[in-house]
Amino acid sequence: MKKADIPLFFAALQAANPHPQTELEYGSDFQLLAAVLLSAQATDVGVNKATRRLFPVAGTAQAMLDLGLEGLEEHIKTIGLYRTKAKNLLATCQILVERYGGEIPRTREALEALPGVGRKTANVVLNVAFGQPTMAVDTHIFRVSNRTGLAPGKTPLAVEQQLLKRVPKDYAVHAHHWLILLGRYVCQARKPRCWECRVSAWCDYQPKTAAPTR
């Protein structure tokens, strides 16, 4: 994608959705962290179904510790890899209570030191909770960045670094949400819906997918 086209690309995404939000449901920074941790290799829809039952009874780090491993597993057993996630989440809660008074740390280093929290999870929390212009590269963003030519790269980290260089500052805070939603609903893996894409004019993907005939 030509550098001059990138602002037009994001301006079109902004016009269609001025204030994009994560589709994970949460009521606090801690709940956001917990939901993102649980969402690895799972859908937001599936995580939301589980956390709607979990957060009313264990909405803080201490309350989740009080719930215990078996209680937590019972609430999240519909989510993939739930046993490992439950152990990591409780270990994270222990650290949050002991070191941070139950609050969420605001640095990448501290977040990535928490069990079950990798770079992508840390990027989501830094962006959504604290408004930092991070790029949490999931499968959708990886695909969209490469397919459109916006930020090609062979690894998620390479794509993230390209995005940080190429996304204009005015769009940086919301960019990863726009790209996730674009990949989830329009620029889909098997058959991109090019005929209804608002940014197809600046996309390198060829040939564009034609609208289905009826």
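About 90 Å³ of space lies in the largest cavity. Of the 13 residues lining this cavity, Cys 187, Pro 192, Cys 194, Cys 197 and Cys 203 are the closest to its centre. The model is predicted: local features need pLDDT of at least 70, side-chain atom pairs count only at pLDDT 80 or more, and totals for chains, interfaces and linings use all residues. Residues are numbered from 1 along each chain as its sequence is written, and side-chain values use heavy atoms, with hydrogens and water left out.

**Cavity**

- The count comes to 1 cavity of 30 Å³ or more.
- A cavity is a set of points, on a 1 Å grid over the protein atoms alone, where a 1.4 Å probe fits but cannot get out; lining residues have an atom within 4 Å of a point.
- Grid points are joined across faces, edges and corners, and the volume is the space filled by probe spheres set on the points.
- The lining of the largest cavity divides into 8 nonpolar, 2 polar and 3 charged residues; Cys and Pro are among those counted as nonpolar, Asp, Glu, Lys and Arg count as charged, and Gly is among the polar ones.

**Annotated cysteines**

- The unreviewed UniProt entry places a "binding site" annotation on Cys 187, Cys 194, Cys 197 and Cys 203; such annotations may be inferred rather than shown by experiment.
- Cys 187 is found in the segment after helix H10 (172-185), where helices are DSSP runs of H or I with at least four residues, numbered from the N terminus.
- Cys 187 is buried at 8% relative accessible area, buried meaning under 20% with a 1.4 Å probe and protein chains only.
- Beyond residues up to four places away in sequence, Cys 187 touches Arg 143, Val 144, Arg 147, Leu 182 and Pro 192; contact means heavy atoms within 4.5 Å.
- Cys 194 is also in the segment after H10, and counts as buried at 13% relative accessibility.
- Leaving aside neighbours within four places in sequence, Cys 194 contacts Ser 200, Tyr 205, Lys 208 and Thr 209.

**Helix H5**

- H5 (residues 82-100) has 19 residues and reaches 25 Å from its first C-alpha to its last, close to the 27 Å expected at 1.5 Å a residue.
- Buried residues of H5 include Tyr 82, Ala 86, Leu 89 and Cys 93.
- The buried residues of H5 pack against helix H2 (29-38) and helix H4 (61-76).

Conventions: Helices (H or I, at least four residues) and strands (E, at least two) are DSSP runs, numbered from the N terminus. The expected span of a helix is 1.5 Å times one less than its number of residues. Buried means under 20% relative accessible area, exposed over 50%, partly exposed in between (1.4 Å probe, protein chains only). On a 1 Å grid over the protein atoms alone, a cavity is a set of points where a 1.4 Å probe fits but cannot get out, and a pocket is an open set with protein on both sides within 12 Å along at least five of seven lines; lining residues have an atom within 4 Å of a point.
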